[in-house]
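Biologist: Before we look at anything together, I would like to learn how to read contacts, rings and charges in a model of this kind. Could you take me through them one at a time?

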Amino acid sequence: MNEYNFAYLDEQTKRMIRRAILKALAVPGYQVPFASREMPMPYGWGTGGVQVSAATLTPEDTFKVIDQGADDTTNAVSIRKFFENTAGVKTTEETEKATVIQTRHRTPEAKLRKDQIIVYQVPIPEPLRFLEPRETETRKMHSLEEYGLMHVKLYEDISQHGAISTAYAYPVKVSDRYVMDPSPIPKFDNPKLEMDAIQLFGAGREQRIYAVPPHTKVVSLDFEDYPFEATKADHPCDLCGAEDSYLDEVIMDDAGNRMFVCSDTDYCRSRREAGHVGRLAEENAA
Amino acid sequence: MTPLLQVKGIEKRYGARIGCSDVSFDLFPGEVMGIVGESGSGKSTLLNCMAGHLEPDAGQVIFGTRADGPVDTVTMSEPERRMLSRTDWAFVHQHARDGLRMSVSAGGNIGERLMAVGDRHYGAIRDRAIDWLGRVEIEESRVDDRPSAFSGGMQQRLQIARNLVTGPRLVFMDEPTGGLDVSVQARLLDLLRGLVREMGLSAIIVTHDLAVVRLLADRLMVMKSGHVVEAGLTDQVLDDPQHAYTQLLVSSVLQV
C-alpha cells in the first residue's frame, strides 16, 4: 500500500475516537467531547466527519462521500480520494453498495439499511449556540433539560416571517431527552433521521461527536399551532421526474429560466437509468 | 399567617472580607421589603444570596413553595432552584440589558419564561406577550421590535413584563430605577406599585434611593458594612431614624 497507517490516523487516536462514538451511541443526542486531531484539510471541510469515518472504516468497507447530495463536487471528490490513498478501501457513488457513507448537508434519498453507517460533517454541534454564547451555560441547559430557549428561536421565526423559516439545521429532540443539531441538512431530511442505519455526527473544530442509534425516536421541535413541515421546492425533478426528492434550483440564463434537479445525484442517475424522464430531459430527447 | 420567605443568619464572605453577615428576617405574602445602604454595604450580595445567584457561606433561605411548603432553597438541588427562579421567583436587574435578550424581539423576551415551563402554542404565547406589553404601557405595535430599539425606561418595563408573565409570588429587584431620569423613574414606580398591589406580589427591593422605598416598601432594612443596622416600618425608620448611619442617610437626601 503506502506509508500511511490504515485510514491515516494512528491506532491510539482511532481507539480514542471509537470510545467517544460508543459513548455517543449509548447516550443518543449527547455531545461527547473528543481530542480532535489536525487533519490535512482546513476546518470546515469535514475534519470531524473524516476522523469519525477513519475510526469507523475497516479494510472490507465500501466508502461513499456526499457533498450537498452530490458525489462529484470538490469536497466529496477530495475526501473520497483521501481514503482511497490512505485506507485503500473500495469507493462507490451508489448508496446501495456503500457500507460507510460520509455526508455533508444531506441524507440520501434511498432508505439506508441496518448494515450501513452514515457519518455527518458538523460545523457547529451546539443547537443553542446562537441563542446562548456561553458553553458553560449551554452544557448546564442540556444537563438540566432546559430547552425553552430553542422555542424562542422558533417563536422569532414565526413572528418575523409568519412561519418557521428555519430551513436547515432544524433542531430535533432525540429519544425524548437531548435537543440536537442534525447538522445543516435541510429540514426535508429530518423525518429520515429515524432510520435503520447508525448515524454518527463529527465536529472537528468544536471537538464533539454525537450519534443517533438505529430506530431512535427523533422529533423535530415545533408549536402546536405551527406544526413541523418537511418542505421542498414544489416541483418534480427536471431530469428524472421524481416528485419525492429534495431539489436544487439551478439558474439557466439571464432570462429567468431555471431548472430543478434532484440534489441527490446518485438517486437521480439511478432513476434515469431505470427509464424515468423529466421535463427538460424530454425536450433534449425530442 | 406563615411567612413566604424566611431568611435566617445569611452570611457571605469574600475571603477575609465580609459581604454580608448575620442577616435574618421574615417576608410575608403581599409584603414589600426595602433594603437600603451605601455602595458596598452588602445589599446586592444579600439579594444575590437570597435569589440563588450566590451561594451563602452560612444561613438558610426558606421559601414557601406551592407544592412542598417551606423548603430551604440554599440546600435544594440546582434543577429545583432553577425551576423556582423561572416560575415562582422573578429577578429584575438594575441594567435591563442583563435581564433581557437583546437580540430577541420583545414578544420573544416575554414568551421565553412561558416556553421554558412548557407552553407550546404560538398564538397563546403571543397573546399573553401582547397583554403584558399593554400592562407595562408599551404599544402593541412594538411586539416584534428588539429591545435594542427601546428607550431605557421601556427596556426596564419590558424586563418587568418578562419577569412577571409567569405569575411569580416573589420578586427580587436590584435598583430597578437606577440609571433612569426622574420622570421615567416616577412612571416606573407608579407602574411597579400598581402591579405589586394588583398581583399581591411580595418583593424585596434593593436600592440606595430613599424615595423608592418610601413609595414602594412596607418595611425597611438599613445595611452598613455587611450588617443590618436598623430595621422597621418604612415610615418609622425614615421619619425617626435611630442609628447614627440611618440618620446620616436620611439627612443626606437633597431637598429640592
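Modeller: Let us start from a single residue, keeping in mind that this is a predicted model. A:Tyr170 has a relative accessible area of 0% and is therefore buried, since the term applies under 20%.

Biologist: What is the geometry of the pair that the rings of A:Tyr170 and A:Phe228 form?

Modeller: The general idea is to look at the angle between the ring planes, because planes over 60 degrees apart count as edge-to-face. Here the centres of the A:Tyr170 and A:Phe228 rings lie 4.9 Å apart with the planes at 65°, so this pair is edge-to-face. A:Tyr170 sits in the loop between H5 and strand S6 (172-174) of chain A, while A:Phe228 sits in the loop between strand S10 (218-220) and strand S11 (247-251) of chain A, so the pair ties together parts 58 residues apart in sequence.

Biologist: Which aromatic pair does B:Phe63 form in chain B, and where do its two members lie?

Modeller: B:Phe63 pairs with B:Trp89, again edge-to-face, at 5.6 Å from centre to centre and with 90° between the planes. B:Phe63 belongs to strand S4 (residues 58-65) of chain B and B:Trp89 to strand S6 (residues 89-92) of chain B, so parts that are 26 residues apart in sequence are tied together. B:Phe63 is buried at a relative accessible area of 0%, and B:Trp89 is buried at 1%.

Biologist: How many aromatic pairs are there over all chains, and which residues form one aromatic cluster?

Modeller: A search of the whole structure gives 15 aromatic pairs over all chains. One aromatic cluster is made up of A:Tyr4, A:Tyr8, A:Phe63, A:Phe82 and A:Phe83.

Biologist: Let us turn to charges. How many salt bridges does the structure hold over all chains, and which parts of chain A does the one between A:Asp189 and A:Arg106 link?

Modeller: Over all chains the structure holds 45 salt bridges. In the one you name, the side chains of A:Asp189 and A:Arg106 meet at 2.7 Å, N to O. This pair links distant parts of the chain, 83 residues apart, with A:Asp189 in the loop between strand S7 (178-180) and strand S8 (198-203) of chain A and A:Arg106 in the loop between strand S4 (100-104) and strand S5 (117-121) of chain A. Both A:Asp189 and A:Arg106 are buried.

Biologist: Are A:Asp196 and A:Lys111 buried, partly exposed or exposed?

Modeller: The side chains of A:Asp196 and A:Lys111 meet in a salt bridge at 3.2 Å, N to O. A:Asp196 lies in the loop between S7 and S8 of chain A and A:Lys111 in the loop between S4 and S5 of chain A, 85 residues apart. At 23% relative accessibility A:Asp196 counts as partly exposed, whereas A:Lys111, at 66%, counts as exposed.

Biologist: How many salt bridges and polar contacts are found between chain A and chain B?

Modeller: There are five salt bridges between the two chains, and one of them joins the side chains of A:Glu137 and B:Arg82 at 3.0 Å, N to O. The rule also finds 13 residue pairs in polar contact across this interface.

Notes
Residues are numbered from 1 along each chain as its sequence is written. Chains are lettered from A and ligands numbered from 1 in the order in which they are written. This is a predicted model: local features need pLDDT of at least 70, side-chain atom pairs count only at pLDDT 80 or more; totals for chains, interfaces and linings use all residues. Side-chain values use heavy atoms; hydrogens and water are left out. A salt bridge is a side-chain nitrogen of Lys or Arg within 4 Å of a carboxyl oxygen of Asp or Glu. A polar contact is a pair of N or O atoms within 3.5 Å; within protein, one must be able to donate a hydrogen and the other to accept it, and residues adjacent in sequence count only if both atoms are side-chain atoms. Rings of Phe, Tyr and Trp (its six-membered ring) pair if their centres lie within 6.5 Å; planes under 30 degrees apart count as stacked, over 60 as edge-to-face and the rest as tilted. Helices (H or I, at least four residues) and strands (E, at least two) are DSSP runs, numbered from the N terminus. Buried means under 20% relative accessible area, exposed over 50%, partly exposed in between (1.4 Å probe, protein chains only).
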